[in-house]
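Please look over the sequence and the model shown here before reading on.

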Amino acid sequence: MQGPHESHAEALQAAVLTATLESISDAVLMLGHHWEIRYMNGNAERLTKVKRGEVTGRSVWDVFPEAVGGPYYRAYHKAIETNTPVTFEEHYAPLDLWTEIRAYPSEEGLTIYFRDISDRKATEAEIHRLAFYDKLTGLPNRQLLLDRMEHALALGRRTGRVGATLFIDLDNFKNINDTRGHDKGDTLLQLVADRLNDAVRSCDTVARFGGDEFVVLLEDLGASAEAQAHEISSKLLMAFHAPFEVAGTEHYTSASIGVALFGRETAGIEEILQRADLAMYQAKAAGRSAICFFDPVMQSRVSARAAMEADLRRALANQEFELHYQPLAGMTRELAGVEALVRWRHPERGLISPVEFIPVAEDTNMILPLGRWVLTEACRLLARWASDQRTASLEMAVNVSAIQFHRPDFVEQVLAALSQTGARPDRLRLELTESLLLKDVEGTVGKMQRLRAAGVRFAVDDFGTGYSSLSYLHRLPISQLKIDRSFIWDASKGGHGAAIVRMIVALGKTLEMSVLAEGVETAEQLAFVTEEGCYYYQGYLFSKPLPHNELVAFIARY
């Protein structure tokens with residue numbers, strides 16, 4: 001039996017404990033052996049939105065039934081069963097409350113300390129969102145995509161499950177940025193992101209890879225992986241069929257999709273992405289708004305092109321290029337001039353045809369320094385010819401690429417080459433393609449007229465293979481049309497080439513331009529073009545392209 005002093009001391013101790021628990025920042029909940037609520041402080045009352053006077057004595061699981069069977073339930077039972085404290089963080093959905101929990105078992109039951117960490121969790125979630133999600137579209141960003149791809153590839157290697165990576169690039173996206181502004185382009189990207197998300201399965205990842213590029217990660221495609229990947233890709237393409245409403249205006253766009261499958265293979269993330277990217281560019285080359293699956297042949301082509309590009313850069317630095325000259329003849333087989341043709345003397349592969357390296361040079365803009373070199377070297381030889389009676393009247397034809405011609409300083413480059421070398425402008429003939437003439441007609445006319453005023457003449461190369469418009473052809477200061485060799489060959493086989501040759505010759509006469517036939521290789525072909533009224537020709541019948549030393553010997557015979 002307790003004495004009055006002991007009873008008073010216990011009451012005082014309980015009062016001090018209660019005061020302490022009421023003053024601390026944590027919420028406190030004390031449970032008895034039968035999970036009854038024995039005590040809760042004011043902070044617990046405020047956080048849980050219950051009145052302690054109404055719940056004291058009741059089972060905690062009756063007061064908070066949503067917690068039964070969940071993380072709180074399991075953690076508290078574990079603490080009691082093992083007689084060890086537990087610490088964890090959990091979200092209590094009914095109150096949208098993130099809590100940090102510390103629960104301590106004792107002889108009296110379980111004492112629980114908890115606090116609201118919702119603000120900290122919101123901050124962490126925002127940091128995570130900024131780190132792993134695209135700010136504009138809300139899609140997973142490149143980093144999160146790479147993380148998920150790493151997991152998917154590892155799972156594929158372990159289980160053999162096949163997945164796919166889809167690389168998606170919008171077609172002509174630059175147009176909306178250029179014509180309507182970057183803010184409208186951003187709006188379009190947001191709309192595209194929503195449609196892509198709607199077109200895939202819930203288990204798939206749609207990520208913004210950068211700019212107007214998106215990547216879709218498809219996992220566990222099953223036995224018919226390629227067919228399923230194609231079906232999903234087709235749905236993605238169909239998502240672009242309807243217009244996008246951008247700031248009240250309907251905007252149509254399309255996409256090109258490259259697909260790379262992955263499974264047990266050891267290929268890494270970067271390689272899979274590169275494969276899908278290569279396939280996407282193949283889809284663009286096929287006409288855009290298309291789907292293309294990666295083929296190993298693509299990789300070999302790209303590797304060969306990369307090697308070619310590296311070799312070209314080295315070749316420019318090491319001056320591995322040289323000019324060959326194909327003689328041009330009049331119809332009585334007199335020498336009228338030459339066409340300068342660039343050749344590449346590779347240190348290992350020997351002489352390389354321009355058919356192999358010119359497209360790469362144009363795609364990489366290396367055609368600019370190469371073209372300047374060709375023009376200067378041709379003019380240098382033309383200047384030397386002026387002092388020799390046998391060559392003073394010969395003309396030099398030089399091919400000009402569209403990239404060269406449309407440079408703002410092209411006219412100045414030509415005039416500088418003539419000035420530096422001392423070549424006669426009236427003996428230089430620049431050969432342009434029909435497609436070149438179609439771009440920026442007014443600017444093209446202006447450049448040609450400035451050079452023509454200086455004495456330079458022009459020819460249209462491969463005439464008949466492009467899309468010349470007669471409405472402006474007569475405005476250009478062109479002195480010669482060169483008939484493409486395909487029409488000459490076709491004519492000799494009884495095809496429609498003969499009719500085309502006749503029309504070009506007639507056009508040349510009407511516009512007072514000379515006409516040259518290319519690719520003349522037989523006496524029969526020469527007889528045909530002569531009869532049709534061509535005044536000049538070139539081809540193996542007269543001479544193949546010659547290096548300079550052989551050209552000198554050739555000229556000596558005339």
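**Spaces, sheets and loops**

The structure holds 3 cavities of 30 Å³ or more. This is a predicted model, in which local features need pLDDT of at least 70 and side-chain atom pairs count only at pLDDT 80 or more, while totals for chains, interfaces and linings use all residues. Residues are numbered from 1 along each chain as its sequence is written, and side-chain values use heavy atoms, with hydrogens and water left out.

Rolling a probe the size of a water molecule over the atoms shows where empty space is left. On a 1 Å grid over the protein atoms alone, a cavity is a set of points where a 1.4 Å probe fits but cannot get out, whereas a pocket is an open set with protein on both sides within 12 Å along at least five of seven lines; lining residues have an atom within 4 Å of a point. Grid points are joined across faces, edges and corners, and a volume is the space filled by probe spheres set on the points.

The largest cavity contains about 210 Å³ of space. Its lining is made of 14 residues, and T48, F64, Y72, Y76 and F114 are the ones that lie nearest its centre. Two or more residues of this lining come from each of α4 (60–63), α5 and β4, where helices (H or I, at least four residues) and strands (E, at least two) are DSSP runs, numbered from the N terminus. Strand β4 gives the most to the lining of the largest cavity, with 3 residues. What classes of residue make up the lining of the largest cavity? There are 12 nonpolar, 2 polar and no charged residues, if Ala, Val, Leu, Ile, Met, Phe, Trp, Tyr, Cys and Pro count as nonpolar, Asp, Glu, Lys and Arg as charged, and the others, Gly among them, as polar.

Strand β4 also belongs to an open sheet of 5 strands, whose order is β2-β1-β5-β4-β3 and whose pairing is antiparallel; two strands pair if DSSP finds at least two bridges between them. Because β2 (37–40) and β3 (86–92) stand at the edges, each with a single partner strand, one side of each is left without a neighbour in the sheet. From one strand to the next, the twist averages 25 degrees. Within this sheet, β4 (residues 97–106) and β5 (residues 109–116) are joined in the antiparallel sense by 8 bridges, and P105 stands opposite L110 in β5.

Helix α5 (residues 71–82) packs on the sheet and touches β3, β4 and β5, with a direction that makes about 165 degrees with that of β3. Here axes are lines fitted to C-alpha atoms, for helices over the stretch in contact, and angles run from 0 to 180 degrees between N-to-C directions; contact means heavy atoms within 4.5 Å. Helix α6 (residues 118–132) packs on the sheet as well, touching β3, β4 and β5, and its direction makes about 125 degrees with that of β4.

The loop between α6 and α7 (142–159) holds D134. Is D134 buried or exposed? D134 is buried, because its relative accessible area is 14% and buried means under 20%, exposed over 50%, and partly exposed in between (1.4 Å probe, protein chains only). Leaving aside neighbours within four places in sequence, D134 is in contact with L139, P140, N141 and R208.

Turning to the largest pocket, about 970 Å³ of space lies in it. Its lining has 35 residues, of which E339, L341, P354, N399 and D461 lie nearest its centre. At least two lining residues are supplied by each of β14, α13, α14, β16 (395–399), β17 (428–433) and β18 (457–463).

Among these elements, β16 is mostly covered, with 4 of its 5 residues buried. Strands β14 and β16 run parallel and are joined by 4 bridges, and E339 stands opposite A397 in β16. On pairing with β17, again parallel and over 4 bridges, A397 has R429 as its bridge partner.

Helix α13 (residues 354–363) has F357, I358, V360 and A361 as its buried residues. These pack against α12 (296–318), β13 (321–330), β14 (335–346), β15 (350–352) and α14 (367–385).
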